[in-house]
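The sequence and coordinates are shown first.

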Amino acid sequence: MLRILRLLVREVFYTVLLILGVTALLSLLFRLMPGTISFEKNWLNEYLKLLQRVFTFNFGVSPVSGLNINQVVFPAFKNTFILTFGAILISVTISVPIGIFSAYRSFRGISWPLTMFSYIVSSIPVFFLGYLVIYLFTRYSNFIPIYSATLENKRQLLAYILPILVLGLGNDSVSEFVRIISDELSRVMSTDYVVASKARGESVIRSSVMEGILIPLVTIIFSRIPFLIGGAIIVEYVFNWPGMGRLAFQSALNRDLPVLVVIAFLSVLFVRGGMIIKDIILGFIIPQEM
Amino acid sequence: MKRFYFEKEKLSSEEFYVPLHKRASVRDVVSIGFGLFVVTYLVIFFLISITNSFIKDPMKVDIQHMFMPPSIEHIFGTDFLGRDIFSRIVKGTEAFFLPGILSIAISTTFGLLFGVISGYYSKTISSIIFYFLNIIDSIPRFILILIVIVIFNPSIYLIMLFVGVTSIPKVSSYIKSKVDTLKKQRFIEACRALGLSERSIIFKHIIWISSRSVLIIRATLGMGETILIETSLSYLGIGVQEPIPSWGNMVAMGKDFFFQGKIWLSTIPALVILITIMGLYLLGDGLNSIFNERVSR
């Protein structure tokens, strides 16, 4: 327990350091923008002001839209969180069986088309996949709503399905998961202790599942978060999903840099939070590593 | 991610010099062949489009032949202004080819530099370098691109420069883990004992051995990434602008007619993107399993 606590303290400290660096980078970029109205002559003062706003989570009012940034960004962040979380679940449920299949020698014949499927699905541009799904579901079935602005009754929850499905299938996650899982699993299955347990007649998959699937899966899931946020921008734009990515794109069009900086800051928090959770989970799985 | 690669390298670095012909399976040969086919047609398309020969004029508007389905005269049909889709696809390679090479060059050069420095020298230097790399790594790439577009102007070369910068951390952490394992190998020790200079050890025995596979694999994957980013940006309307063809804005423009049943307008460019990216990924994967010491099955 102490070990985990120490790890946590170290990671949080590193995250705070990183946030200092990221905000410095962003405020430097902010100064480079032509036509910026700068209230402070000194860069350091401006940077300290930005830091103060960041660490008190009080971002003030956007000078472009005149809205309170907190009230705009946090609901959008919640929606994006739901989208990415669901997408990760979908990718994992699809890619783990394919990875296991392609690591087994006896399933080679079946695994080849499955692996090809994972490649094809990940190479389609995400927005085209989105339009394809909308086309198919509106034309041939009326069951799943494409978009719903409010969530009043239970049926409108179904509107979550399609964006999550598209982000989970596309955006290059499935093929990456499959590649890593099958590589690691086949490496583990040829190690001595697995061969020995095979010789003893035990189930190989159970003994190799920990090292071969769980560790690479945990590492790859949490390091995919930045890519998922990038893909979420496209998917949110296709499905009109009121999330952070669409907000980022809109504020980019409006040249609303303060909102964009807040979004960047929140996504850095999201990414680093994922890293911390990953390290804690890995600390539980492989205690000798920490 | 980093820790995971360390693990992988540590366990499999013993067998570095295994001849190629013992490793390639049928699957790798098929994927590399497909990938080389894709690379070939990309290069041919690019050469055709910069010399402006052999194809119909991609900009020529022909109102009488709008929405023509694929036929002998127009192999891939015509779009909503009667322009030939095939020649627009050929011309569209210009939009990502040179910017992609720029981004690959940046990411591999600086990734190699930082990776070798942080792997070979002391731990303090490496932690300082990786602090800065982590700063770049923790901002999602797309959001950084949006910020860059707001601050500067949406030029594809500038965007690809930043794409290259954002893939530096990945390359350098990979190379650092390789250098870490190489440093402990016997032959480096032997080089030192034989009195080779530090410079020749680094350049000849570490950079050349550690980077030659990584560079090729990064180049193929980087090209795929470039195409995906260019298509996504053009779809959002902040990439290559309309009269100039690019694969992304062809799909994006064609999607308006998708629901009318004229699906080839966007499906054909999307299929070309799919085949190209799949070929590049397969090429990277095949090369990876040949170069990289994958455990023999």
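In this predicted model, the crossing of H4(B) and H7(B) is left-handed, a term that applies if the near helix is turned anticlockwise from the far one by less than a right angle, with right-handed used if the turn is clockwise. H7(B) spans residues 168-183, and the axes of H4(B) and H7(B) lie 9 Å apart at an angle of about 145 degrees. Axes are lines fitted to C-alpha atoms, for helices over the stretch in contact, and angles run from 0 to 180 degrees between N-to-C directions. Helices (H or I, at least four residues) and strands (E, at least two) are DSSP runs numbered from the N terminus.

From H4(B), Ser126(B), Leu133(B), Ile136(B) and Asp137(B) meet Ile168(B), Pro169(B), Ser172(B) and Lys176(B) of H7(B). Residues are in contact if their C-beta atoms, placed from the backbone, lie within 7 Å. The contact of H4(B) with H7(B) comprises four nonpolar, two polar and two charged residues. In this classification Ala, Val, Leu, Ile, Met, Phe, Trp, Tyr, Cys and Pro are nonpolar, Asp, Glu, Lys and Arg are charged, and the others, Gly among them, are polar.

Residues are numbered from 1 along each chain as its sequence is written, while chains are lettered from A and ligands numbered from 1 in the order in which they are written. As the model is predicted, local features need pLDDT of at least 70 and side-chain atom pairs count only at pLDDT 80 or more, whereas totals for chains, interfaces and linings use all residues.

**Further helix pairs of chain B**

H4(B), residues 123-138, also packs with H3(B), residues 85-120. Here Phe114(B), Ile117(B) and Ser118(B) of H3(B) meet a set in H4(B) that includes Ile125(B), Ile129(B) and Phe130(B). Ser126(B) and Leu133(B) of H4(B) take part in the contact with H3(B) and also in the contact with H7(B). The contact of H3(B) with H4(B) has six nonpolar and two polar residues and no charged ones.

In the pair formed by H5(B), residues 141-151, and H6(B), residues 156-166, the residues Arg141(B), Leu144(B), Ile145(B) and Val148(B) of H5(B) meet Leu158(B), Ile159(B), Phe162(B), Val163(B) and Thr166(B) of H6(B). Seven nonpolar residues, one polar and one charged make up this contact.

| Helix pair | Axis separation | Crossing angle | Handedness |
|---|---|---|---|
| H3(B) and H4(B) | within 7 Å | roughly 145 degrees | left-handed |
| H5(B) and H6(B) | 10 Å | about 145 degrees | right-handed |
| H4(B) and H7(B) | 9 Å | about 145 degrees | left-handed |

**Burial and the nonpolar core**

H10(B), residues 247-254, is mostly covered, with seven of its eight residues buried. A residue is buried if 20 or more other C-beta atoms lie within 10 Å of its own, exposed if 12 or fewer, and partly exposed in between, with C-beta atoms placed from the backbone. The buried residues of H10(B) include Trp247(B), Met250(B) and Val251(B).

The largest nonpolar core has 140 residues. Such a core is a set of buried Ala, Val, Leu, Ile, Met, Phe, Trp, Tyr and Cys residues joined through C-beta atoms within 7 Å. Ala248(A), Leu260(A), Ile263(A), Ala264(A), Ile143(B) and Leu146(B) have the most contacts inside the core. Apart from residues up to four places away in sequence, Ile263(A) touches Val73(A), Met244(A), Leu247(A), Ala248(A) and Ile143(B).

Chain A contains twelve helices and zero strands. Of its 290 residues, 42% are buried. Among its contacts between residues at least 6 apart in sequence, 70% join residues at least 24 apart.

The contact between the chains involves 44 residues of chain A and 38 residues of chain B. H12(A) provides the largest share of the chain A side, eight residues. That side divides into 29 nonpolar, nine polar and six charged residues.

**Two individual residues**

Glu11(A) lies in helix H1 of chain A. It is partly exposed because 18 other C-beta atoms lie within 10 Å. Beyond its neighbours within four places in sequence, Glu11(A) is in contact with Ile276(A) and Asp279(A).

Asn240(A) is placed in the loop between H10 and H11 of chain A. Its phi is near 55 degrees, a positive value in a residue other than glycine. Asn240(A) counts as partly exposed because it has 13 C-beta neighbours inside 10 Å.

Note on methods:
Two residues are in contact if their C-beta atoms, placed from the backbone, lie within 7 Å.
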